Amino acid sequence: MEDLELYLDEVGKRIMERRKKLGMTQEVLAEKSGVTTQFVSYAESGKRAMRPENLMKIASALGVSTDYILTGDIIDKDKLLLSDKLDRLTAGEVRIVESIIDECIALYHGEA
């Protein structure tokens, strides 16, 4: 049972961190997901496991894959979601994002 509680806590933390990063309140996430605010609160606190359809709604509202919510892993779908965002930028803005990514790679991985 402890493993399940730890797992639900980690899922909840990822939901909360992503929601806050997007500047959403629990109420806004609930509205965008089609669930109740209380459900979001329980999910974030690790008090409630989610049915697959609710997990999919939450992930979609947060702009991440269900895999990210469940495991913290970035998968191809997450990269496609990022690619969709890049498509909304001008060529110059894409080059700026590329430079930022290059800087992060150099900073965190010692590569150029």
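The model is predicted: local features require a pLDDT of at least 70, side-chain atom pairs count only at pLDDT 80 or more, and totals for chains, interfaces and linings use all residues. Residues are numbered from 1 along each chain as its sequence is written, and side-chain values use heavy atoms, with hydrogens and water left out. The protein chain has 7 helices and 0 strands, where helices (H or I, at least four residues) and strands (E, at least two) are DSSP runs numbered from the N terminus.

**Overall fold**

- From the N terminus on, the order of elements in the protein chain is α-α-α-α-α-α-α.
- The C-alpha trace of the protein chain spans about 45 × 30 × 20 Å along its principal axes.
- Of the 112 residues of the protein chain, 25% count as buried; buried means under 20% relative accessible area, exposed means over 50%, and partly exposed lies in between (1.4 Å probe, protein chains only).
- Among contacts in the protein chain between residues at least 6 apart in sequence, 46% join residues at least 24 apart, a contact being heavy atoms within 4.5 Å.

**Helix α2 against helix α3**

- Helix α2 (residues 26–33) packs on helix α3 (residues 37–45) at an angle of about 110 degrees, and their axes are 8 Å apart. Axes are lines fitted to C-alpha atoms, for helices over the stretch in contact, and angles run from 0 to 180 degrees between N-to-C directions.
- That angle makes α2 roughly perpendicular to α3. Angles under 35 degrees count as roughly parallel, over 145 as roughly antiparallel, 65 to 115 as roughly perpendicular and the rest as oblique.
- The crossing of α2 and α3 is right-handed; a crossing is right-handed if the near helix is turned clockwise from the far one by less than a right angle, and left-handed if anticlockwise.
- Gln26, Glu27, Leu29 and Ala30 of α2 make the contact with Thr37, Val40, Ser41 and Glu44 of α3.
- The residues of the contact of α2 with α3 comprise 3 nonpolar, 3 polar and 2 charged. Ala, Val, Leu, Ile, Met, Phe, Trp, Tyr, Cys and Pro count as nonpolar, Asp, Glu, Lys and Arg as charged, and the others, Gly among them, as polar.

**Helix α1 against helix α3**

- The axes of helix α1 (residues 2–21) and α3 come within 6 Å and cross at roughly 120 degrees, which makes α1 oblique to α3.
- On the α1 side the contact involves Leu8, Asp9, Gly12, Lys13, Ile15, Met16 and Arg19, and on the α3 side Ala43, Glu44 and Ser45.
- By class, the contact of α1 with α3 holds 4 nonpolar, 2 polar and 4 charged residues.

**Helix α2 against helix α4**

- The axes of α2 and α4 are 8 Å apart, and the two helices pack at an angle of about 115 degrees.
- The crossing of α2 with α4 is right-handed.
- Leu29, Lys32 and Ser33 of α2 meet Lys57, Ile58, Ala61 and Leu62 of α4 in this contact, which by class has 4 nonpolar, 1 polar and 2 charged residues.

**Residues of helix α3**

- Glu44 lies in helix α3 and counts as buried, at 5% relative accessibility.
- The side chain of Glu44 makes a polar contact with the side chain of Arg19 (2.5 Å). A polar contact is a pair of N or O atoms within 3.5 Å; within protein, one must be able to donate a hydrogen and the other to accept it, and residues adjacent in sequence count only if both atoms are side-chain atoms.
- Not counting residues up to four places away in sequence, Glu44 touches Gly12, Lys13, Ile15, Met16, Arg19, Gln26 and Leu29.
- Ser45 is also placed in helix α3 and is partly exposed, with a relative accessible area of 35%.
- The side chain of Ser45 reaches the backbone oxygen of Tyr42 at 3.1 Å.
- Ser45 and Glu10 are 35 residues apart in sequence and 9.2 Å apart in space, C-alpha to C-alpha.

**Residues of helix α4**

- Glu53 has its place in helix α4 (residues 52–62) and counts as partly exposed, at 37% relative accessibility.
- The side chain of Glu53 makes a polar contact with the side chain of Arg51 (2.6 Å).
- Leu55 is found in helix α4 and is buried, with a relative accessible area of 10%.
- Leu55 touches Met50, Thr66, Ile69 and Leu70, not counting residues up to four places away in sequence.
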